[in-house]
Each structure stands twice: as structure tokens, then as C-alpha cells.
Amino acid sequence: MSDKKMITAALPYANGPVHIGHLAGVYIPADVYARFQRRAGKDVAFICGSDEHGIPITIRAKKEGVAPQDIVDKYHAIIKKSFEDLGISFDRYSRTTSKKHHQMSQDFFKTLYDAGKFTEETSEQYFDEQAGEFLADRYIVGTCPNCGNENAYGDQCEKCGSTLSPSELINPKSMLSGNVPVLKPTQNWYLPLNEYEDFLNQWIIEGHKEDWKPNVYGQVKSWLNDGLKPRAMTRDLNWGVPVPLPNAEGKVLYVWFDAPIGYISFTQEWAEENGKNWKDYWQSENSELVHFIGKDNIVFHCIIFPSMMKAHGGYIMPTNVPAFEFLNLENEKISTSRNWAVWAHEYVQDFPNQQDALRYALLSSAPETKDNNFTWKDFQTKNNSELVGIFGNFINRVTVLTQKYYNGIVPQPNEFAQVDKDLYHEMQQIPEKIGKNLDEFRFRDALTEMMNLARLGNKYLADEEPWKVIKDNPERVKTQMFCALQVAGALAYLCEPFLPFTSQKMKSGLNLGNKNWYEVLNTPPIPTGHQINEMPLLFSKIEDDVIEAQIKKLENTKINNQKTNPNANPMKEQISFDDFTKIDLRTATILEAEKVEKADKLLKLKVDTGVDVRTVVSGIAESFSPEEIIGKQVMILLNLAPRKIRGIESQGMLLLTTKADGKLAFVTPDETVANGVEIG
């Protein structure tokens, strides 16, 4: 077993915030694993950072009308703070726009280039003549040949899910100019992945059939069975790490070439700041490398990046790549483009000091082997019934009774009854059970074992009822409370990987230091005579109205997603048919118009409604002059109750709408009709 653990978490794209799908599928499990390995005495480097290159960044920048650097600066800060707020304990969280990363990526590429590991190939790619740019796949849209979706991208149709190439699109167009692109030859550098098939087969297919997840092993096996092909490691773009060759102007490194190198460059930054040698973690047989990723990144971490490291030489290969499946939200696929997500930074704002409630809920629903689902009601139940009702209730009982009976001093136990011995025996098994599950990347099972310890303590107190026994047998209560305190102390240590904020509160309340994971139960976690402090509140009940507000937010998102005009205001409160029949809309003609004194927006109108001639005051002066609307046929709400505006009684309301330029426009009949014709 290696002394060092090199743990990486997939680099999030800095084109938007992180959501609960990212947290459940990568970052919280990775954090649990890293925290556990530290407590188990391993020398851990837990590394991540923002992926700030690639097409998603430039697309977001164009949509917002800003530079790519502005986008990555904005979202890097949001993502980094979200991780900090939720207790993700990275040893280094960096970014791929850093100077160190650019240098490392270029050095890596140059090493492969100088060793003759690349092939130079010319291919025809789509080019936008008006924009003067080669088009990456995501900058080409057209009709999907499989489902007919007219807005399919050059790499994927998001409607039917088909993987595409730009040449397959029907009627392709450039997203930059809207013009039809032309094919133009361009040269790039390719890594011949086919030359690494034997290595990958031996390393993964023969070496990790038993210990890697079936989804990872199966996907890699499928790729290898189909045969690997050379893959371009450079792109014709103006945003990314420049290709370090004299004849490569206008070319950058492929984002999936430079991004995984970030794991190495970020480790170098951390090592330099902490007096360590980065090679001890990446190039030593005394180190184990583990990548935490989502299932959509398997090919990059199990085929492309390992092939790159093999071509370079000197690097260790991952011992495991525990890729997770996807998390759904309220039984629907999480979608950033549709805003169907629970965003990490918004959760922290809406649920202050309840970070562990989210960590617990997401871990208990972690999509380890299949897609799983998050609902707000289930989140509420897990918090109120399990964290508050079981865990929090047990710790509160133990500490309150200890303060009440012994002024917070751990009592000297008397003779242990069989029930006490059984409690201690079961308690001793739990650290090893949790550790075994975490070593094998079974996070839900590990979390269950941790909660079983809380359940064990809760049941012990409920069965023993020291608050009743104290009246007749206070000496027995000393033993009961001593035993219950040992469970509380063990929980304070063992919950730390899962619930770090709770662990810190418990250590403060129980006045504990730090212990190695497997040392927790070698001696009593809380010895006789130890003084405990006041225990802060561990968990708060989440009320129905708080959950309903979150559900309502999602419902509003669904309504907004149905809009054909994203700028349209929400529908007003529904009215009944009887209410509608009371509305009297008529055709009318404006006979006279004049400005209202000292009112820039108001015009005083005389209107022939067919029923009568009446006065209407309307706020249309900034869109129309009096002269241009005289004689115009309009529509009027006839039976609106009169009201005085600037001392003038207005007897109706004209129907108008707002144009794209912000000016008003009358709602008028298609052709001239008699005044007073009813509309409805």
C-alpha cells in the first residue's frame, strides 16, 4: 500500500457555476475520500482547478459580449468560493490560465513533439470567410440527420443525443456570422492513439477487470474493441494555450490535452509553496493516483491522458478512476442551458450554516452505479428525520445529561453490563467498515455505517433511559453516560469526512483534539475526568415553507423555459370566464389629441367609440406626436371605471403593445371598420 495519495477531481468549466450534479458526481465523494485518507495517515495531495480554455468559454463570452478572460475570471471566483463554502478541502485549487500551467502544458507538448510522438496531418475543416476563422464543432449548427432538429451542433444533437461530426450536418451554418461555411485545408498535430492500444489493453483490460467500476471498465473496453484512431492535439482557435512551435500561429493546444496536465501543473504550484517535491506524487511507485470524474469524462481520463503520459514517460498510471453516473433533479435531467439545477452558490445563500445537510443528502443519493435523483422533499426528510432526529438528538441528549448530572465532566464508569459490552463491540467494528467501503469507493454504504453509529447510540440511550435510572441507581448511570459519551466521541471523528462542519462543532463541544482514523477506538475517545464544553447546535429543522420556496423556484424555471419570447413578463393571475365577459372592448377613432401641460408622457385624446365621444388620457406622448395619431382607428377598453389624471377625467384605456426598440404601438384592426364594433 502506497504512502502517498494523488487525488484529482475533474476540472469544472469556468463558463458557469457548479450545481448539485457536479457536487454529487465528483466533488463531495472526492472530498470524503481525501479527508478519509488524511485521517488514515496518508500523505495526500488533493488537486483541482478551473478549466478555462475550450469552446464553452468562448461561446459564453460571445453571448455576453465580453472577452473570454472576463468570463473565466467571473466564474473561477464563483466556483472556488462555492467549493470553500461547502468544505471541499482541496490542497490546491488553481486555474488553467495560470502562467505555470501554460508553461507546463507547452513543455509537455514540446517533449512529445521532440520525441516524434505526433503525426502532422492536413484535413479539411469548416471556415467562416466573413469572420476569418476556422470553426470548432460547437460553432457550427445545422439540421440533425437523425431527428431533423434544425439547431444541432457540429459535435452533438442535444435533442436526440446523437454524436455527430460537422460534415454530417444538413445545411450547416456558422454561429459567428450565420453564413454557410466553406471547407478549407488546415494542418494539426495528432497523437496516434492506435499505437497505445496494447498498453491500454494490458493496463486496464487485463489489470483492472476486478477492481474498476463496471461502467468505466465497460466503456474503455468498448473503445478499445472498436479500435482507436489518431486524435488531433491542436486546434485552430484564438483562445487557449498557444502551440509552442514556430509554424503554429493561430493554433492552440486541444483543451483535452492541456486540461488534464492541469492536475500536474497545479500539483507543482502546491509543492513549491509547501516545500514538497511534485514528482513524489506523480512519478514515484510509492504514490497512488486516483481520478474522480463523471461518466462523460471516462475516455479522456482512461485513454487519452494515460496515452499522453505513456508517450511522455516517467508518470504513474491511475490506480482507479471511480467515475460516477448522473444526478437528476426532481425526476428530470439537470440542464444548465435550461437553468434546471440547484446551484451551489445559491444553496449556500438560501441555507446558511447548513452545508452538511446538502453533503449528507447528496452522498446518500450519490449516483455511484446508476443515475439517481434529488428532490427537495427527500432532502428535507433526510435532514429532519436523520440528521436532526437521529444524529442531532443523540448528541444533544448525551451532552445535556452530562452537563446536568456531572457538570460536563466525564464520569468514572462502574462495572460494565452485557449491553455496554455489546455497544462497545459494535462500535469498534464501525471504523473498519467505513474505511473498507471508502477504500472501495462505496460512499453510500460508508455513510450508512457512520449513521449506524448514531443510531446505535440513540437506541442505547432510549433503551437504557438514564433519566429514569438516575432516581434509583445513580452509579449505573455513570456507566451508561460514559458509554454514550464514547459513541459521541467516536462520531465526532468518524463523521468528519462526510460532515466536516458538524465534526468541527462536535470536537469543540466535546473538547477534543485530532486522532488518526484507526486510533479512535484503541483508547476511549473521551476519558474519565475529561471536561466537555457546551455543544453548539448541530442541525436545524428545515420547515415546509422553505422547501416550498425552492420547489416554486423550479416551477418558475419550467414556466420560463416554455417561453417563446424570453423577455415576456409572466402571466398575470388567472380570471374566470365570467370575469372576461364583463370586459367591453370596442373599435374607436381618435378625433383630437393634445399634450397635457407639465406632463411629458401624457396626451389628452377625444375618441369616437361608436357609443359616444369621450375623453381618454394616455401615457403615449414619448412614442407619438398628437398630429400623427389624429384619425387613427384603435381599440379601447370601454367599461373601465373613470379616474382623474392630472385633473382630467379619463374615461377608458387604449390597447397598446411595446416594440423591440421600446416604443409603443397601437393594437389596431387589420382593416377599417365602424366605430363601436365589439371585440371578443
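Residues are numbered from 1 along each chain as its sequence is written, and side-chain values use heavy atoms, with hydrogens and water left out. Because the model is predicted, local features need pLDDT of at least 70 and side-chain atom pairs count only at pLDDT 80 or more, whereas totals for chains, interfaces and linings use all residues.

Helix H7 covers residues 255-274, where helices (H or I, at least four residues) and strands (E, at least two) are DSSP runs numbered from the N terminus. Its 20 residues reach 28 Å from the first C-alpha to the last, close to the 28 Å expected at 1.5 Å a residue, the expected span being 1.5 Å times one less than the number of residues. Of the 20 residues of H7, 17 are buried, so the helix is largely enclosed by the rest of the structure; buried means under 20% relative accessible area, exposed over 50%, and partly exposed in between (1.4 Å probe, protein chains only). Just after H7, Gly275 takes a positive phi of about 65°.

The side chains of Lys100 and Glu272 meet in a salt bridge at 2.7 Å, N to O, the criterion being a side-chain nitrogen of Lys or Arg within 4 Å of a carboxyl oxygen of Asp or Glu. This pair links distant parts of the chain, since Lys100 lies in helix H4 (residues 99-114) and Glu272 in H7, 172 residues apart. Lys100 is partly exposed at 21% relative accessibility, while Glu272 is exposed at 55%. Within H4, Lys110 and Asp114 form a salt bridge at 3.1 Å, N to O, and are four residues apart, about one turn of the helix. By this rule the count comes to 35 salt bridges, and a network of them links Asp31, Arg35, Arg39, Arg359 and Glu496.

Asp128, in strand E4 (residues 119-128), is buried yet has no salt bridge, the nearest side chain of opposite charge, Lys62, being 9.1 Å away; here Lys and Arg count as positive and Asp and Glu as negative, with His and the chain ends not counted. A polar atom of the Asp128 side chain does lie 2.9 Å from the backbone nitrogen of Ala131. Leaving aside residues up to four places away in sequence, Asp128 touches Glu133, Leu135, Ser174, Leu176 and Ser177, contact meaning heavy atoms within 4.5 Å.

Conventions: A polar contact is a pair of N or O atoms within 3.5 Å; within protein, one must be able to donate a hydrogen and the other to accept it, and residues adjacent in sequence count only if both atoms are side-chain atoms.
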